[in-house]
Structures are given as C-alpha cells and as structure tokens.
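Student: I would like to learn how to read helices, strand pairing and salt bridges from a model. Could you take me through them one at a time?

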Amino acid sequence: MSTGWEDPGRAPTVGAMKHVTYADKALFLDDEAADWLMEYARALGNAGMTDSITLHAIGLDGNEVDATFLLNSSTVLITQTTQNALAAPANDEAVGYMQERTRLIVSPPPARMVDDPLELY
C-alpha cells in the first residue's frame with residue numbers, strides 16, 4: 001500500500017500490525033488498514049467531510065472485534081507500530097472503500113453537463 005507519505009527506509013512492522021488508538025480505545029489493525037484509516041481521516045478532515053468505516057480488529061484482550069470509526073475534522077487518531085505475532089484480520093473491502101473515497105476527495109472527477117439533473121444515473 002502506498003499513500004505517498006511513508007518512509008521508504010522504514011521496514012514493515014513485525015506481524016504486519018499497528019496499534020491504533022481512537023477515543024481512548026486501543027486496537028490492533030493490519031498495517032494497510034491502519035495506514036488507509038489515517039489517510040482517509042486526513043482527506044475527510046481537509047475537505048470538511050464526515051464518514052464512518054467499520055474495520056475488523058483485535059482488541060487488547062486478544063479477541064477479534066468489528067470497530068466502527070467516525071471520521072471527521074475533529075477525529076483524534078494515533079497509529080503506532082507494534083511487535084506482536086498476532087494474525088491480522090482481513091480488511092480488504094474496507095481498505096478498497098477508503099482508497100476509492102480518498103481518491104475521489106483528493107482528485108474529484110470533473111463536473112459534467114446533464115440534460116435532466118434528476119436522472120443522473
């Protein structure tokens with residue numbers, strides 16, 4: 001995954017997991033989901049937009065959980081590398097959603113003319 005902000009000299013974390021803190025809750029997410037959560041939150045905040053995203057994570061007790069993050073310009077989110085051997089739950093669909101939404105926010109498609117604005121699709 002490349003967000004354009006990573007350090008090219010930094011090795012990936014062991015176990016491909018990151019420790020994510022949000023609203024005083026700490027969770028373990030796979031590296032890609034954690035990186036895109038941060039990037040998507042940044043894009044939403046810069047655009048003054050809000051969205052929520054549900055990700056599969058591991059709680060500090062070791063149990064798998066589904067965590068829903070409310071993202072907006074006031075979101076306080078911290079990601080940290082971690083050294084653990086836990087298997088990261090998959091978040092492929094959510095990562096794809098965040099990638100697409102981030103792309104649309106950062107580089108929106110050009111406006112186009114329509115004959116009937118009520119029939120856009």
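Tutor: What follows goes from the conventions to the strands, then to a helix and the salt bridges. This is a predicted model, in which local features need pLDDT of at least 70 and side-chain atom pairs count only at pLDDT 80 or more, while totals for chains, interfaces and linings use all residues. Residues are numbered from 1 along each chain as its sequence is written, and side-chain values use heavy atoms, with hydrogens and water left out.

Student: How many bridges join E3 to strand E4, and in which sense do they run?

Tutor: Helices (H or I, at least four residues) and strands (E, at least two) are DSSP runs numbered from the N terminus, and two strands pair if DSSP finds at least two bridges between them. Here E3 and strand E4 (residues 64–71) run antiparallel and are joined by eight bridges, with leucine 71 in E4 as the bridge partner of aspartate 51. In their hairpin, four residues lie between the strands, and glycine 62 takes a positive phi near 90°. Strand E2 (residues 25–30) also pairs with strand E3 (residues 51–59) in the antiparallel sense, over two bridges.

Student: What span should the 17 residues of helix H1 have?

Tutor: The expected span of a helix is 1.5 Å times one less than its number of residues. For helix H1 (residues 31–47) this gives 24 Å, which agrees with its end C-alpha atoms being 24 Å apart. Glycine 48 follows H1 and has a positive phi, near 70°. The buried residues of H1, where buried means under 20% relative accessible area, exposed over 50% and partly exposed in between (1.4 Å probe, protein chains only), include Trp36, Leu37 and Tyr40. Those buried residues pack against strand E1 (17–22), E2, E3, E4, E5 and H2.

Student: Which side chain meets aspartate 35 in a salt bridge?

Tutor: Side chains of opposite charge can pair when their charged atoms come close. A salt bridge is a side-chain nitrogen of Lys or Arg within 4 Å of a carboxyl oxygen of Asp or Glu, and the structure holds three. In one of them, aspartate 35 meets lysine 18 at 2.4 Å, N to O. Aspartate 35 lies in helix H1 and lysine 18 in strand E1, so the pair ties together parts that are 17 residues apart in sequence.

Student: Is lysine 18 buried or exposed?

Tutor: Lysine 18 is buried, with a relative accessible area of 5%, whereas aspartate 35, at 22% relative accessibility, counts as partly exposed.

Conventions: Contact = heavy atoms within 4.5 Å.
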